[in-house]
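Subject: Structure handover

Hi,

Here is the structure I promised to pass on. Please open it alongside this message; my notes follow below.

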Amino acid sequence: MILKIFRQLFIVGILFSSNLYSQETSLLENSEYFVDKTNSLKLEDIEKERFTPHKNKIFHYGYSEDTIWIRFKIKNQKKKDLRYYLTISSPFLEHISLHYKRNGKNIEIIKGKKELDKYDRKGIIHPFFHIVVNKDSENTYYLKIHSPTTGINFKGVLKKEKKFIEDELKYQVIQSLFFGVMAFLLVYNLLIFIQVKEKTYLYYILLLSTILLHHLSFSGMSIYLIDEEYFYKYTTFTVYYVFFANIFVLLFMRDILELSKYKIINHIVNSFVLINGILLIVFYDTLIVNTIAPISIVIVSLLILSLILFSIKKAHPVSKQILLGWLIKLIGVLSLSFFELGLRGPIDYFPYFFELSLVMEFFVFSNTLAIKLGLTKKLEDRVKLQKILADELQHRIKNNLQLIGFAYRGKLESLNDPLIEDKLNEAEKIIHTMGRTYEYLYHDDKLKDINTKEYFQSITKSCKDRLLKKNVDLELNIATSLNLEKSIYCGLIVNELITNSIKYAFKEKSGKIKVSLYKENNQIHLLFEDNGVGFDYEQEKRKNSFGLYFIETLSRLKLKATLIHNTNSKTKINIVF
């Protein structure tokens, strides 16, 4: 539906914009210009200066604090007076005045956005001058332009009254159509944001709002919304919207392309956001800001293009749609930057090129956001289903571990052989520890991250509660953290050591067990100590102790660790990895 609306609007835009500047007389092709760097010369002074010929339909000078004087002549060879409207294509110029002589007097007509209180616009956005050329005469005119806050780039054309009104109407209709389409996209995405609460939509809405505010001023349409008293101040601030747009588009691209997960890329994007924020605060000189703004647009545009190509390489699902929209945006932005810097570009040949590129770009982005929202919804449904399946699987695993434990317990009760009973006891103990570990990990979704200290506290408490030893103190000193895999192996080892210590080290006496985990010289130390009776380590190994075999196997094969022991009177086992 959106694409159908866009196609219709595109056709309407082409129809309205076609022949917009046809059947008009350009005054600039055979004109001359002079640059007044002092900004102090008057018409009497200018007439004595040497002018430079100008041969193009469009006058390009870019940003400057200089005053430009343009001289041109209009000749009337007919036997009646001719009436024309001289129109200036840029509604953004601060001061523009027409000077000529009539009956020996200097005539000055003043226009421009800084001079709105000095003339009646008559509902016309573009600066215009009503010119009467007497029959069989030739008049010389001077245009004086001074506009430090905007680029001095414009067409100057003569039109008959009917053509003048028709073209002005077309301009305002096309701009109104443009703002209507952009407002529709803004409201459409705002309603979606209210429902889904996604930051990507928020950044997109802020970007779209900034572009609208900027173009309201740039096109001159804001004159209908803002009192003439405040119009100049508002339009002077317009250039700062460029930096806001840079910030919001960077944040939008970071989120929609999910670039935050790439540390270096994320730092680069955040740095450019910060730089544009600083530019907003630091620079107050209008000329400097107007020079920097188009350059910043080009730099940010190329940066984002690089980010999109990076996302395509990473096979991001919406990266190709974003590339299409951004290429359209890039062409439009570059054309506007060229125009503002005084360079020739597409806007010289099709005045609404930038508006058309904006509409196309934001339609593509809105469609891409809708695709992403659909993908997100499918992903959420899939995650919910996987969670249900995972919960069921976890429940079954936990029950099976408990069932195995009960089976071993039932088998132990029917045995009379102390050796076999001891082996089965040790096996049951390991199964119980695995069950406790599994329950801890899955109870609070700790599949990715684990709190080592909490995990060790859970193990020590379980051992003490299970073996009912009230006269044994357990001390934990956890000074470092481990990843998930190493935490599990260390937990199993600690469980085995604490269980054996409580059962055999203290007899009927009270005792103390200390478990430490710390980092020293880039190595992790898992240190177990008790003040019990100790045991003969080598003798227990010769007896094929399942507990020692289990500890040594995990230490050597899983932790790649060195096991250091001293168990003669007290027990001290240090596992270093």
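H4 passes H6 in a left-handed crossing. Helix H4 covers residues 199-219, and helix H6 covers residues 241-256. Their axes come within 8 Å and cross at roughly 155°. That angle is over 145 degrees, so H4 is roughly antiparallel to H6. Please keep in mind that this is a predicted model.

Which residues make the contact of H4 with H6? From H4 come Lys199, Thr200, Tyr203, Tyr204, Leu206, Leu207, Thr210, Ile211, Leu213 and His214. From H6 come Tyr241, Val242, Phe244, Ala245, Phe248, Val249, Leu251, Phe252, Arg254, Asp255 and Ile256. By class, the contact of H4 with H6 holds 15 nonpolar, three polar and three charged residues.

H4 also packs with helix H3, residues 161-196. Here the axes are 9 Å apart, and the angle is about 160°. H3 and H4 are therefore roughly antiparallel to each other. H3 passes H4 in a left-handed crossing. The contact of H3 with H4 has 19 nonpolar and five polar residues, with no charged ones.

Next is the pair H13 and H15. Helix H13 spans residues 484-505, and helix H15 spans residues 546-558. Their axes come within 10 Å and cross at roughly 160°. That makes H13 roughly antiparallel to H15. The crossing of H13 past H15 is left-handed.

On the H13 side, the contact uses Tyr489, Leu492, Ile493, Glu496 and Leu497. On the H15 side, it uses Gly547, Phe550, Ile551, Leu554, Ser555 and Lys558. The classes in the contact of H13 with H15 are seven nonpolar, two polar and two charged.

Please look at Glu496 in this pair. Is Glu496 buried or exposed? Glu496 is buried: its relative accessible area is 0%, and the cut-off for buried is under 20%. Glu496 sits in helix H13. Glu496 and Gly547 are 51 residues apart in sequence. In space they are 6.7 Å apart, C-alpha to C-alpha.

Val359 lies in helix H10, residues 353-413. Val359 is buried, with a relative accessible area of 9%. Its C-alpha atom is 7.3 Å from that of Phe178. Along the chain, Val359 and Phe178 are 181 residues apart.

Thr140 is in strand S10, residues 137-146. Thr140 is partly exposed, at 29% relative accessible area. What does Thr140 touch, leaving aside its neighbours within four places in sequence? The contacts are Arg71, Phe72, Lys73, His99 and Tyr100. Take His99: its C-alpha atom is separated from that of Thr140 by 8.8 Å. Thr140 and His99 are 41 residues apart along the chain.

**Backbone points**

Most residues other than glycine have a negative phi. Two residues here have a positive value.

- Ala315 has phi near 60°. Its place is in the loop between helix H8 (286-313) and helix H9 (319-340). Ala315 counts as exposed, at 61% relative accessibility.
- Lys560 has phi near 55°. Its place is in the loop between H15 and strand S15 (562-566). Lys560 counts as exposed, at 65% relative accessibility.

**The whole chain**

How many helices and strands are there in the protein? There are 15 helices and 16 strands. The protein has 577 residues, and 49% of them count as buried. The accessible surface comes to about 30,400 Å². Carbon and sulfur atoms hold 57% of that surface.

Val359 with Phe178, and Glu496 with Gly547, are pairs to look at on screen.

Best wishes

Key. Residues are numbered from 1 along each chain as its sequence is written. This is a predicted model: local features need pLDDT of at least 70, side-chain atom pairs count only at pLDDT 80 or more; totals for chains, interfaces and linings use all residues. Side-chain values use heavy atoms; hydrogens and water are left out. Helices (H or I, at least four residues) and strands (E, at least two) are DSSP runs, numbered from the N terminus. Buried means under 20% relative accessible area, exposed over 50%, partly exposed in between (1.4 Å probe, protein chains only). Accessible areas come from the Shrake-Rupley method with a 1.4 Å probe; for residues, only the protein chains shown count as cover. Axes are lines fitted to C-alpha atoms, for helices over the stretch in contact, and angles run from 0 to 180 degrees between N-to-C directions. Angles under 35 degrees count as roughly parallel, over 145 as roughly antiparallel, 65 to 115 as roughly perpendicular and the rest as oblique. A crossing is left-handed if the near helix is turned anticlockwise from the far one by less than a right angle, and right-handed if clockwise. Contact means heavy atoms within 4.5 Å. Ala, Val, Leu, Ile, Met, Phe, Trp, Tyr, Cys and Pro count as nonpolar, Asp, Glu, Lys and Arg as charged, and the others, Gly among them, as polar.
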